[in-house]
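Let's take a walk through this structure together, going from strands to sheets and then out to whole chains. Keep the viewer open as you read.

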Amino acid sequence: MTGKTRTLVVAGHGMAGHRLVEELRTLDTAGAWRVVVLAEEPHAAYDRVALSSYLDGRSAAELGLPAPGLASDPRVELRLATAAASIDRAARTVTTTAGDTVGYDALVLATGSKPFVPPVPGHELTGCFTYRTLTDLDAIREAAVPGRPGVVIGGGLLGLEAANALRLLGMEPHVVELAPRLMPVQVDAAGGGVLGRRVEDRGLRVHCGVATASVQAGPDGRARAVVLADGTELEAAVVVFSAGVRPRDELAGPAGLDRGERGGFLVDGLCRTADERIWAVGECAAVSGRCYGLAAPGYRMAESVARQLCGLGGDPFGEADMSTRLKLLGVEVASFGDAHAGTDGALELSRLDEARGTYAKLVLGSDCRTLLGGILVGDAAAYGELQPFVGRALPSAGHRLLAAAG
Amino acid sequence: MSAGEVLVVGGGSAAHRFAERLHHHGHSGGVTLLGAEPAAPYHRVLLTSVLDGTLPPAALELPALPDGVRMRAGTTAVRIDRARRLVHADDGSVHRYDTLVLATGARPVLPRIPGLPRPGTSDAVTALRTLADAERVLRASPDARRTVVLGGGLLGVEAAAALARAGHEVALVHRGPHPLDRHLDADAGKLLAGRLAGLGVDVHCGREAAAYCAGKLTLDDGAVLAADTLLLCTGAVPETALARRAGLAVGTGVLVDGRLSTDDPRIHAIGDCAEHPGAAAGHLEPAWEQAESLARQLTGAGPRGAGYRGTRCVTRLRVPGIDLVRLGGRPAGAAGPGGGSGSGAGAGAGAGSAEGSAEGSAEGSAEVVTVADPARGRYARLTLHGQRVTDAVLLGLPRAIAALTRLHEHGLPVPAGRLEFLLGIEPAPPGADELPGDAVVCRCNNVTKHAITEACRAGAADVEQVAAATRATTGCGGCTSTVRKLCGMARTGGSTS
């Protein structure tokens, strides 16, 4: 340490960027860093995982992530509605979308993801939306027509959230999923079957195993219907694209930074780019080539980088845990560990209970003893008792899960 | 009532068992069996053991019939004169009856393949239904042992495995996506196909025979298989011609009621030729139970229910080293030794009876338990209603197969300890539920149990205070109940269990 204050620029104030700033404020007791945060959205960081609750009564302020004392912290300058536009690595400056140039000693890229919109004809029509930001949700709320059908393209976790959002807005939601089941990343075929039946009971119309062919315009030029590859035409006052995300890595090319094979700023296990002054964390980071679209791995990356900035040495980022537990349309879903039994020699045990509408699967290691992962649909109460045991001997909760309903 | 003079048309396992049980229960009248085959009654289910050389043909012979039972082998009944209660046979003989029992069995369904010689005209092409068929295969010369089995049902799979054991170079051609596709789902079918390949059987699924010419079978994808012997295991159907000509009610088989009576009260039917709503065709167990039930009814022997109500279906694959069983369910249209449900090109097998539960108890909602252990070749899929098996497939789990079969046959519930029952996995020992300190409780924020207990020790008294100190529970919230429990234990100094 030279005693001189250095400048950290954080490009992005999503969940990972926020965690980095908070962690640094905690660890940097000596005041070594001045932090400039470039937040593209007009809001400071908020809980994107709970985004849907914004349409269920929670305000933007209530969704804000806790940052005690941030506003009055002289070390941190938060510039809202201002994104990083370009990086000059030689000069060590970032030019913002507002036209300012900010010098940095360290730069952390936390630009997150953008929704992927399949390039089907009509995807740019008025009435087509994405589902990622508070601004998106404001626009959907504005366009919603109670009593009319709305179509969500994508039956993953976010797609079901979007469908629920349409339901909360009084619309009749349809979900179109290319895979043969809902939430294909988190659940298997049998679990997807139970999930599909349960959400259909809640009024959702589910169309799986079919691609979207086009969005048709009405006479007013707005989206009117979604046409599927099998010819089905779904009337739609609102169309929401929720077909996955892509890392926001457009700063990489002009700055001469490497990208991962499937996009994202290519970083090593310590989240370092090839430039020793530049890191990437969260969904925009391709850690050893792989991007992670969940909050928890982003938090771990942010904490690791904050420690490195404070000279504490960060933990290398190893296998990310992709465990998920959520409640969608009143249906609990959890997926943890090696949920799809990809481990060599793994065995799968499952129990489906039609009367209760529940499905449980456990994945055990080749010793028939070690819990490797699982899937729970309809009742995820056992998640807390099982998930911490991943990699350890199956606890009695696992035995109970496969036994008859008591 | 006395059954009087009893005439049995058929000389197979059902007829033999019936004659034996009739004698056992004290029938005093005459009993005559008309067997179409030249051999004395033999155990048809063991034909594949003749194929692989485990048993000589003579070993299949069933025990001698009781004294006083007349057996006319090589005599085919051709006509029933119901008015005069007479049966005419192909040798000109005429047989009087007071009670007539049809036990004519099933006959193979043969595919229509261009170039295929008429069965019986060539040793190189044969069905596998009779001892004569098996002996035809055995006659193949030692240097002409390239054998193609057409049809991947139970009989086809068993025959292919048996011939591979006997040193034949065996190809199995099956129309379905995997062998035994009427019984097995895709996962189990894939495992079985792998096991057959391991026995040296060259498995061709999703393929039909397109043409046969002089020891070569051409498939619909153009592949040509050398076939010194072509074995047709393309299903079987109940032999009902005699009943049909006599004007008796016939569906897929000869229709019988709980008394095993046809619509003529003096004429009964049992075994593979009979169709009863509670029994799957092509299985030995229902045939034996029907023989017993009918013998009791005809002799007025002691109670065993009011009549025949059906047999819980158990289908076993008889291949050494492959433990495979299907319980319940009902193989569609299967008949013959081991229920040759294989469907080859042009086979009409399977028309008629639909998939369904033989027990008729499939109402209400089901519970489905599965085990998939491809690395060790183990698979199970159990459908339960009220804790009882209504349909199950088990592969590679010999102990579970034995235990579950017994429960199924007696209609008993499956124990709640499913892991122990199916896989022998012991219940978690005491202490197994105690989380180790380094276990991560809050995955979202990477907080260990140790960090939480430390926070409690440092004064955090509830979930909110632990969250403030560690961030645990502030992500997805999935760990809240565990954190609350840990807080409670820290207060009381207790342990997790």
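Predicted model: local features only at pLDDT ≥ 70, side-chain atom pairs only at ≥ 80, totals over all residues.

Strand β2 of chain B has cover on both faces: Val31(B), Leu33(B) and Gly35(B) are buried on one side, and Thr32(B) and Leu34(B) are buried on the other. Here, buried means under 20% relative accessible area, exposed means over 50%, and partly exposed is in between, with a 1.4 Å probe and protein chains only.

Residues are numbered from 1 along each chain as its sequence is written, chains are lettered from A and ligands numbered from 1 in the order in which they are written, and side-chain values use heavy atoms, with hydrogens and water left out.

Which strand runs parallel to β2(B) and is joined to it by 4 bridges? That is β1(B), residues 6-9. Two strands count as paired if DSSP finds at least two bridges between them. Within this pair, Leu7(B) stands opposite Thr32(B), and Val9(B) stands opposite Leu34(B). Strand β1(B) is also covered on both faces, with Val6(B) and Val8(B) buried on one side and Leu7(B) and Val9(B) buried on the other. Strand β1(B) has a further parallel partner in β7(B), residues 99-102, again through 4 bridges. There, Leu7(B) has Leu100(B) as its bridge partner. Strand β4(B) pairs with β5(B), residues 86-89, over 4 bridges, and Ala77(B) stands opposite Ala89(B).

Another open antiparallel sheet of 3 strands in chain B has the order β13-β14-β15. Its edge strands are β13 (209-213) and β15 (224-226) of chain B, each pairing on one side only. The twist here averages 25° from one strand to the next. Strand β14(B), residues 216-219, is joined to β15(B) by 3 bridges, with Thr218(B) opposite Val224(B).

Now zoom out to the whole of chain B, which has 12 helices and 27 strands. Its radius of gyration is 29 Å, while a compact globule of 497 residues would have one near 23 Å. That radius is taken over C-alpha atoms, and the globule rule is 2.2 Å times the number of residues to the power 0.38. Along the principal axes, the C-alpha atoms fill a box of roughly 105 × 60 × 35 Å. Buried residues account for 54% of the 497 residues in chain B. Of its contacts (heavy atoms within 4.5 Å) between residues at least 6 apart in sequence, 62% join residues at least 24 apart.

How many residues of chain B are in contact with chain A? There are 39, touching 38 residues of chain A. The area buried between the two chains is about 3200 Å², with carbon and sulfur atoms giving 51%; buried area is the accessible area (1.4 Å probe) that two parts lose on being put together, summed over both. On the chain B side, Leu419(B), Arg443(B) and Arg471(B) lose the most area to chain A, together 19% of what that side buries.

Finally, look at two backbone details. Most residues other than glycine have a negative phi. Cys368(A) has a positive phi near 60° and sits in the loop between β24 (358-364) and β25 (371-377) of chain A. Cys368(A) counts as buried, at 16% relative accessibility. Gln387(B) also has a positive phi, of about 70°, and lies in the loop between β24 (378-385) and β25 (388-395) of chain B. With a relative accessible area of 25%, Gln387(B) is partly exposed.

How values were computed:
Helix = DSSP H or I, 4+ residues; strand = E, 2+ residues; numbered from the N terminus. Axes fitted to C-alpha atoms, helices over the stretch in contact; angles between N-to-C directions.
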